[in-house]
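We will go from one stop to the next, picking residues and looking at what surrounds them.

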Amino acid sequence: MAGGAASPPHGGASPDFLLRLVLDIVSANAAEGTNAARALFKKDCTDLVRRIALLKHLLEEIRDFGGSSDNDYARASSSSASSWSADLAVALQSAKRLVPVASAYNSDDSSDGGAKRLSFQFQCVTWKLEKVLGKIPYDQYQISEEVQEQVSLVRAQLRRATERYWSLNSRKVSNALSQPLENQYWSTNSEISAKLDSVSENCGTKSRRRDADPTTKILERVESASTSSDVSLLDEIDPKGLENVATECPEETKKPDALVTPEDFLCPISLELMRDPVIVSTGQTYERSYIQRWIDCGNATCPKTQQKLKKLTLTPNYVLRSLITQWCAKHNIEQPSGLANGRLKKSDGSLHDVSGDMAAIQALVCKLSSRCLEERRAAVAEIRSLSKRSTDNRILIADAGAIPVLVNLLTTDDVSLQEHAVTSILNLSIYENNKSLIMLTGAIPSIVQVLRAGSMEARENAAATLFSLSLADENKIIIGASGAIPALVDLLQDGTARGKKDAATALFNLCIYQGNKGRAVRAGIVTALLKMLTDSRNCMVDEALTILSVLASNHDAKAAIVKASTIPVLIDLLRSGLPRNKENAAAILLALCKRDTESLSCISRLGAAIPLTELSKSGTERAKRKATTLLEHLHRLQQH
């Protein structure tokens with residue numbers, strides 16, 4: 001890891017560890033500040049560090065809570081706290097690596113590609129921080145109202161910053177980056193490494209002996225073979241060669257808990273350990289969700305080399321993933337499922353024997369690959385039933401290796417096998433740890449194929465599976481890029497009542513990610529939603545309005561909504577809809593009229609002022625705010 005930062009303790013990061021990270025970031029930025037007068041990203045660094053510094057009070061209260069009651073702190077630390085604190089540590093470590101590099105980056109020696117890459121990294125870091133701050137269990141730590149308000153303010157600022165970076169990056173060239181930038185700042189991989197090394201923590205004066213590092217030798221072989229479709233190096237790799245990975249810092253200068261991640265295991269965009277490494281057409285490897293987001297921003301170059309990407313296909317780097325998995329297992333970085341020696345950990349921390357269930361489930365999984373069709377059908381039907389019953393079963397089935405086999409069954413021509421397989425994957429995805437296992441098997445293309453061409457039951461459950469997997473933000477990006485959205489829009493139009501609801505739920509969740517909104521518009525979602533709004537049965541008006549309210553912030557979606565003559569329908573809902581529908585209709589109209597005099601004039605001509613006035617007095621609190629703001633816009637329009 002560039003910088004040799006200590007990894008957070010297994011299972012979560014302590015308040016002291018997080019506080020050290022915050023203080024390190026603040027002090028590093030202060031030291032860089034004196035030499036950053038011409039830095040292109042000076043304001044970005046200052047804003048990010050200022051927001052991170054405000055977290056100091058939160059972490060101090062959590063630390064003090066732990067000191068006041070060890071039992072209470074232990075209970076708090078044993079549940080969701082472990083997840084959010086570990087995520088916060090990762091986000092802060094990313095910021096710690098980014099700030100010094102960005103601070104030293106000035107307009108004299110920069111290039112458009114290098115600046116764009118740094119801007120994208122700021123987008124990633126602010127997005128991660130905003131996301132994790134939303135997970136903080138305030139009640140568990142008895143956080144004061146003042147600090148809660150302060151964190152809410154920081155979240156709001158981070159959210160706005162993320163949206164601003166998205167806007168800048170999606171246009172490729174922003175005002176801040178439009179100056180002539182002639183020199184290539186990071187022209188080679190060695191220069192990148194040198195730059196990161198120069199801002200890292202001091203690991204002593206000894207130079208790195210990279211040529212003597214066995215992991216580096218393996219990685220060089222992986223990189224040279226990475227563009228080949230026939231890579232099989234695993235049989236030649238000696239696992240013992242990984243034992244010297246964390247020896248880059250001299251023994252006398254390393255902290256006892258320090259763990260150095262090999263640089264080749266880090267995504268060049270996020271600077272984080274890769275979980276799903278993929279290769280782009282230039283032969284470089286990135287974490288799938290981050291390179292997909294880079295492409296979604298309209299970039300057609302390789303972030304590391306600045307070469308044009310001849311094609312946008314992402315190829316899994318299985319060899320590197322295997323190396324990372326071995327390294328994580330050796331250093332206890334993987335999150336455990338709670339299963340050990342035939343015993344499963346309960347939520348209260350106690351263990352219960354599941355060895356009998358394990359044996360039965362392993363036998364079932366073996367039958368999934370049987371040559372006998374009826375035996376396969378019986379086995380997958382039983383796994384579907386078991387996976388529906390309990391979390392324990394979901395853990396055991398995944399641990400028995402069922403997920404890759406079930407994914408293979410998605411491509412079968414047998415309708416019964418396919419239906420049971422996709423429903424089993426849906427049930428397994430309910431357990432959070434299984435989501436990443438399903439994604440790592442490359443299940444999405446097969447699930448999308450079922451969504452397109454399966455039986456109606458299989459299509460419905462495929463849509464529900466995509467919704468479940470998309471609850472993880474990074475998966476929204478991957479699923480959106482897979483071609484799932486057009487297939488979901490098709491189900492929204494021609495599915496059963498249940499299928500339409502499954503499709504609507506998945507589309508709503510996917511469209512929270514900005515890059516998927518344009519995809520949904522191009523797939524014809526606006527026409528489908530308008531049809532739902534005008535359906536005399538009124539069975540899916542809520543869902544249609546909810547999706548439209550998410551889409552309306554996107555420029556392309558806004559234009560499509562107006563072009564489809566949706567405004568008159570929304571005004572009718574203001575007059576006669578249910579309270580919730582009136583609220584969403586007002587919110588959508590406000591978004592459509594923002595900086596759009598033509599749309600504002602349209603709602604004025606259609607007599608929206610009367611229902612808006614009524615709504616501003618008798619609607620829900622949110623509806624009152626939206627209606628009042630719209631009325632103010634209408635009033636200003638009339639004055640002109």
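In which helix is the place of N461? Select residues 456–469: this is helix α20, and N461 sits in it. Helices here are DSSP runs of H or I with at least four residues, strands are E runs of at least two, and both are numbered from the N terminus.

Before going on, a word on conventions. This is a predicted model, in which local features need pLDDT of at least 70 and side-chain atom pairs count only at pLDDT 80 or more, while totals for chains, interfaces and linings use all residues. Residues are numbered from 1 along each chain as its sequence is written, and side-chain values use heavy atoms, with hydrogens and water left out.

**Stop 1: around N461**

Show the surface and look for N461: its relative accessibility is 2%, so it counts as buried. (Buried means under 20% relative accessible area, exposed over 50%, and partly exposed in between, with a 1.4 Å probe and protein chains only.) Now select R384, V422, T423, L426 and R498, which N461 contacts once its neighbours within four places in sequence are left aside. Contact means heavy atoms within 4.5 Å.

**Stop 2: the whole chain**

Zoom out and colour by secondary structure: the chain has 32 helices and 6 strands. Of its 640 residues, 51% are buried. Among contacts with a separation of 6 or more, 71% join residues 24 or more positions apart.

**Stop 3: the nonpolar cores**

Next, select L406, L488, L492, I525, L529 and I603. These have the most contacts inside the largest nonpolar core, which has 100 residues. A nonpolar core is a set of buried Ala, Val, Leu, Ile, Met, Phe, Trp, Tyr and Cys residues joined through side-chain atoms within 4.5 Å. Centre on I603 and, leaving aside neighbours within four places in sequence, you will find it in contact with I567, I571, L589, C593, A608, L630 and L634. Another core lies apart from this one; it has 45 residues, including A89, Y138, A161 and Y165.

**Stop 4: two helix pairs**

Two packed helices are described by the angle between their axes and the distance between the axes. Axes are lines fitted to C-alpha atoms, for helices over the stretch in contact, and angles run from 0 to 180 degrees between N-to-C directions.

Select α16 (residues 402–409) and α17 (residues 415–429), which pack at about 140° with axes 8 Å apart. On the α16 side, pick I403, L406, V407 and L409; they meet Q418, A421, S424, I425 and L428 in α17. By class, this contact has 7 nonpolar, 2 polar and no charged residues. (Ala, Val, Leu, Ile, Met, Phe, Trp, Tyr, Cys and Pro count as nonpolar, Asp, Glu, Lys and Arg as charged, and the others, Gly among them, as polar.)

Then move to α25 (residues 525–534) and α26 (residues 541–551), with an angle of about 145° and axes 8 Å apart. I525, L529, M532 and L533 of α25 make this contact with V541, E543, A544, L545, I547, L548 and L551 of α26. Its residues divide into 10 nonpolar, no polar and 1 charged.

**Stop 5: two loops**

Most residues other than glycine have a negative phi. Select R595, whose phi is positive, near 55°. R595 lies in the loop between α29 (579–593) and α30 (597–605), and at 78% relative accessibility it counts as exposed. Finish at Q306, with a positive phi near 65°, in the loop between α11 (288–296) and β3 (315–316). Q306 has 22% relative accessibility and therefore counts as partly exposed.
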